[in-house]
Amino acid sequence: MTNPPVDRPGLTISVLGEVRAARDGEPLDLGGPRQRSVLALLVIARGDAIPADRLIHDLWGDNPPPTASGALQAFVSHLRRRLEPGRTARSRGTVIVSVGPGYALRVPDDAVDAWRFEQQVRRAAKQSDPAVAAEILAGALNLWHGPAFSEYGDQPWARVEADRLTELREVAREQLLDARLRAGEHAVLVPEIERLVAEQPLREERWRLLVLALYRSHRQADALAALRRARQLLADELGVDPGPALQELEAEVLAQSPALAPPVVATPKPVQSPLPRPVSTSDADDLVDRGPELDELTAAIAEARTGRGRVVLIEGPAGIGKSRLLAEARRVAAGLDLRVVTARGSQLEKEYG
């Protein structure tokens, strides 16, 4: 399957999947597998020069053909022409440069998806705001379109770097879930973490995230059951007990430690003028003892103005004042120039609970 072109200006090189390149979003023809492998090797070197004889060994192994040196020069020439279209032969060589008896790749750090991925993972680690960290990590993981250097997975020169990037991807997936947990998404994350645990059940960090998500979702029994599953699995597969992080978490769950409580996510304050008073003097007789309900409605409207809408259900027997509360909500919203949409149930909806 062909991946869509990368929508970025200038030259971009991708190795998180098939090895490919694009310029201003338009895919470039990099030639055959061996020619593309020259570019892949230069990406792995990350700007360092690779001697020609080492490139030849990686391309052909211990028994290169007599024409290997000339073929390598031809590969480099063809790659230069395709990576730098529109340049003359004399002016090419700014992307793949000659360094002594070898070659090096000279592109900005954000031009290669693998390099950009690592940058974003490090940037996310420095963020104190979990929502920001989650957004950065999600963007980093979206750079992946398959296994790194996918068509060269059986090549020794690609295997070590591909394994390193794959491990970093797994760490980033765990860090993304951790950031989302810290942002208060525990209930919706349980199925995602369960799936991640099933993929690699020997990674203890995934069990830790699962237990924490279950406990914060008021599922203490399920959290303890997950800890038992982890302990049994580690004993059966590796003959070891859980590590310190899981053992400490188990003790905190059993003790119902306050440290396990979900973090408080601050609600942004309205940035415009203060909300009007929800109750006027003339309304006081109609809304006796409805201060808490009015405060809740006012807070919900304030959140809606900041893009954090939610649903408020007003329930009660006939005559208790539900319609009056709704009328006050409409009045408060209208005072803020918010559009108010009203719908009523038909007789059919009123005939059953």
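Predicted model: local features only at pLDDT ≥ 70, side-chain atom pairs only at ≥ 80, totals over all residues.

Reader: What makes a residue count as buried?

Author: Its relative accessible area must be under 20%. In strand β1 (11-14), for instance, L11 and I13 on one side and T12 and S14 on the other are all buried. Both faces of β1 are therefore covered, because in a regular strand the side chains alternate between the two faces of the sheet.

Reader: How do you know that β1 and β2 pair?

Author: Pairing needs at least two bridges, and β1 and β2 (residues 20-23) have four, in the antiparallel sense. Among the partners, S14 is bridged to R20 in β2. The two strands form a hairpin with five residues between them, and G17 in that turn has a positive phi of about 135 degrees.

Reader: Now to α5. How does its reach compare with what is expected?

Author: Helix α5 covers residues 130-141, twelve residues in total. From first C-alpha to last it reaches 16 Å, close to the 16 Å expected at 1.5 Å a residue.

Reader: Why do you say that the buried residues of α5 line one face?

Author: The buried ones are P130, A133, A134, I136, L137, A140 and L141. Viewed down the axis of α5, they fall within an arc of 165 degrees, so they line one face of the helix.

Reader: What makes D129 a cap for α5?

Author: A side-chain oxygen of D129 lies 2.9 Å from the backbone nitrogen of A131, at the N-terminal end of α5. A polar contact has to be within 3.5 Å, so the 2.9 Å of D129 passes.

Reader: And why is something called a nonpolar core?

Author: Its members are buried residues of listed kinds, Leu, Ile and Phe among them, joined through side-chain atoms within 4.5 Å. The largest such core has 57 residues, and those with the most contacts inside it are L83, I96, L105, F117 and F149. Elements giving two or more residues to this core include β1, α4, α5 and α6. A second, separate core of 24 residues includes V190, W207, A223 and L224.

Reader: Which residues does L83 touch?

Author: Leaving out residues up to four places away in sequence, L83 touches L11, A21, R23, L28, L30, L39, V95 and I96.

Technical notes: Residues numbered from 1 in each chain as written. Heavy atoms only, no water. Expected span 1.5 Å × (residues − 1). Buried < 20%, exposed > 50% of the residue type's maximum accessible area, 1.4 Å probe, protein only. Arc of directions from axis to C-beta. Polar contact = N/O pair within 3.5 Å; in protein donor to acceptor, adjacent residues only side chain to side chain. Contact = heavy atoms within 4.5 Å.
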